[in-house]
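Here are my notes for someone opening this entry for the first time. Have a look at the picture, then read the points in order.

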Amino acid sequence: MLLFSSAIVFSALICIIILFQAALAIGMPWGEFAMGGKFPGKLPAPMRAACLVQIAVLAFLALIVLSKAGIILPGWLEFAAVGIWFVVGFSVLSSILNIITRSVRERRIWAPVSVMMLITSLIVAIAV
């Protein structure tokens, strides 16, 4: 049950981030909540394009976690058993960057989210 719940929580958080990144990509003026707050307001076009790449990466991470938990894509199980450690590493890096960011708004919102993603991805990684 913990494995299933952790994978679902991780994926739900990813979905929230994907929606946020999509909003940034279409021009919502929330730049101070992303990328270290370097671009307050509407992100410049190259950064909005980067949001689309981030969406694809995040969706792939969710697929790995859900596959490792045995919820979807049973054919990915061997790949997910290795890929989950990339997800954990990504979550560690994300947590560090969100904790040390100069943007107070970004830190208050995304640091707890990234730490929760780290915890849930680690649970999925070590679950047998």
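1. Where does Met 35 lie? Met 35 sits in the loop between H1 and H2 (helices, H or I of at least four residues, and strands, E of at least two, are DSSP runs numbered from the N terminus). Its phi is positive, near 50 degrees, in a residue other than glycine. At 25% relative accessibility Met 35 counts as partly exposed (buried is under 20% relative accessible area, exposed over 50%, partly exposed in between, with a 1.4 Å probe and protein chains only).

2. A word on what you are looking at: this is a predicted model, where local features need pLDDT of at least 70 and side-chain atom pairs count only at pLDDT 80 or more, while totals for chains, interfaces and linings use all residues. Residues are numbered from 1 along each chain as its sequence is written, and side-chain values use heavy atoms, with hydrogens and water left out.

3. Pro 40 is another residue of the loop between H1 and H2. With a relative accessible area of 55%, Pro 40 is exposed. Leaving aside neighbours within four places in sequence, Pro 40 is in contact with Gly 31 and Glu 32 (contact means heavy atoms within 4.5 Å). Pro 40 and Leu 97 are 57 residues apart in sequence and 18 Å apart in space, C-alpha to C-alpha.

4. Now the helices. H1 has 24 residues and reaches 34 Å from first C-alpha to last, close to the 34 Å expected at 1.5 Å a residue (the expected span is 1.5 Å times one less than the number of residues). Just after H1, Gly 27 takes a positive phi of about 110 degrees.

5. H2 covers residues 45-68, and its end C-alpha atoms are 35 Å apart, which agrees with the 34 Å that its 24 residues should span. Its buried residues include Cys 51, Ile 55, Leu 58 and Leu 61. What do the buried residues of H2 pack against? They pack against helices H1 (2-25), H3 (77-100) and H4 (104-126).

6. After H2 comes Gly 70, with a positive phi near 80 degrees. Leu 73, in the loop between H2 and H3, has a positive phi too, near 45 degrees, and is a residue other than glycine. Leu 73 counts as partly exposed because its relative accessibility is 34%.

7. Ser 91 belongs to helix H3, and at 2% relative accessibility it counts as buried. Not counting residues up to four places away in sequence, Ser 91 touches Phe 10, Ser 114, Met 117, Leu 118 and Ser 121.

8. Cys 51 is buried, with a relative accessible area of 0%, whereas Cys 15 is partly exposed at 46%.

9. Last, the largest pocket, with about 590 Å³ of space (a pocket is an open set of points on a 1 Å grid over the protein atoms alone, where a 1.4 Å probe fits, with protein on both sides within 12 Å along at least five of seven lines; lining residues have an atom within 4 Å of a point). Of its 22 lining residues, Gln 21, Gln 54, Ser 94, Asn 98 and Glu 106 are the closest to its centre. H1, H2, H3 and H4 each supply at least two lining residues.

Methods: Grid points are joined across faces, edges and corners, and a volume is the space filled by probe spheres set on the points.
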